[in-house]
Amino acid sequence: MGAVGLGMVDCHCHLSDPDFDRDLDDVLEKAKKSNIPALFLNSFYIFRYNGFLLPCLGVHPVQGLSPEDQRSVTLKDLDVALPMIEKYKDRLLAIGEVGLDFSPRFAGTEEQKEEQRQVLIRQVQLAKRLNLPLNVHSRSAGRPTINLLNEQGADKVLLHAFDGRPSVAMEGVKAGYFFSIPPSIIRSGQVNSFIQPHVTRGEIHFKVRNEPQNISISAEYIAQVKGISVEEVTEVTTQNALKLFPKLRHLLQK
């Protein structure tokens with residue numbers, strides 16, 4: 001998210017999912033009307049809306065679109081994707097979405113976990129070589145993810161929807177990593193004081209499908225928890241986005 005007179009930037013969305021096949025143009029138009037000038041798209045479907053959808057490419061720890069086909073990533077998956085990443089490296093904002101997902105369904109064995117680690121290590125090294133940030137997923141693997149990033153010397157990191165302990169998150173903060181806050185935070189149960197009618201309407205909407213215009217829910221939530229204005233939240237988060245993704249400033253000023 002973020003502002004500086006530019007509006008909020010959505011640093012993590014999946015608009016190539018089949019859920020958006022029928023109305024992607026409408027979703028993008030609603031995002032623009034919500035004062036969102038740029039979206040970071042974690043997908044290989046990247047250049048139809050050049051200048052608004054900003055591409056990030058990477059190999060996710062869970063492969064397969066439909067629930068019945070999903071499985072843990074393999075090194076072969078990475079080998080297939082690397083030529084595409086190399087082809088578009090000069091146009092990418094980040095390497096992502098990458099990471100670890102140790103949910104028992106996907107990583108029930110140590111062999112699967114280790115292969116996920118190796119896929120992530122290779123992508124951390126790729127990001128360092130290309131001087132690009134990492135957009136990182138870490139479900140059921142908060143500490144292993146932070147430890148691996150530290151061990152590999154990753155220094156430009158956005159951790160998406162981090163679900164580890166606060167003490168582990170602080171290790172990431174000390175390393176200079178950034179953390180994104182998705183709209184689903186209002187359903188987390190961690191803070192019960194934020195159940196308000198105007199947010200409930202948004203929650204009903206994104207329970208079915210989340211989309212970029214919902215980042216305003218995150219901004220409102222953060223503002224209430226921290227006791228500051230939404231304007232300050234959007235200002236600070238955009239400044240953070242510009243620090244982590246330096247290419248963004250040039251693109252937004254076009």
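Author: His160 counts as buried, with a relative accessibility of 17%. This is a predicted model, in which local features need pLDDT of at least 70 and side-chain atom pairs count only at pLDDT 80 or more, while totals for chains, interfaces and linings use all residues. Residues are numbered from 1 along each chain as its sequence is written, and side-chain values use heavy atoms, with hydrogens and water left out.

Reader: Why does His60 count as buried?

Author: Buried means under 20% relative accessible area, exposed over 50%, and partly exposed in between, using a 1.4 Å probe and protein chains only. His60 has 18% relative accessibility and therefore counts as buried, and His137, at 7% relative accessible area, is buried as well.

Reader: What makes the link between the side chains of His60 and His137 a polar contact?

Author: The term requires a pair of N or O atoms within 3.5 Å; within protein, one must be able to donate a hydrogen and the other to accept it, and residues adjacent in sequence count only if both atoms are side-chain atoms. The side chains of His60 and His137 are joined at 3.4 Å, so the pair is called a polar contact.

Reader: Which residues does UniProt list for "binding site", and why are they said to gather at one spot?

Author: The unreviewed UniProt entry lists His137 and His160; such annotations may be inferred rather than shown by experiment. They span 24 residues in sequence, yet no two of their C-alpha atoms are more than 5.5 Å apart, and therefore they gather at one spot.
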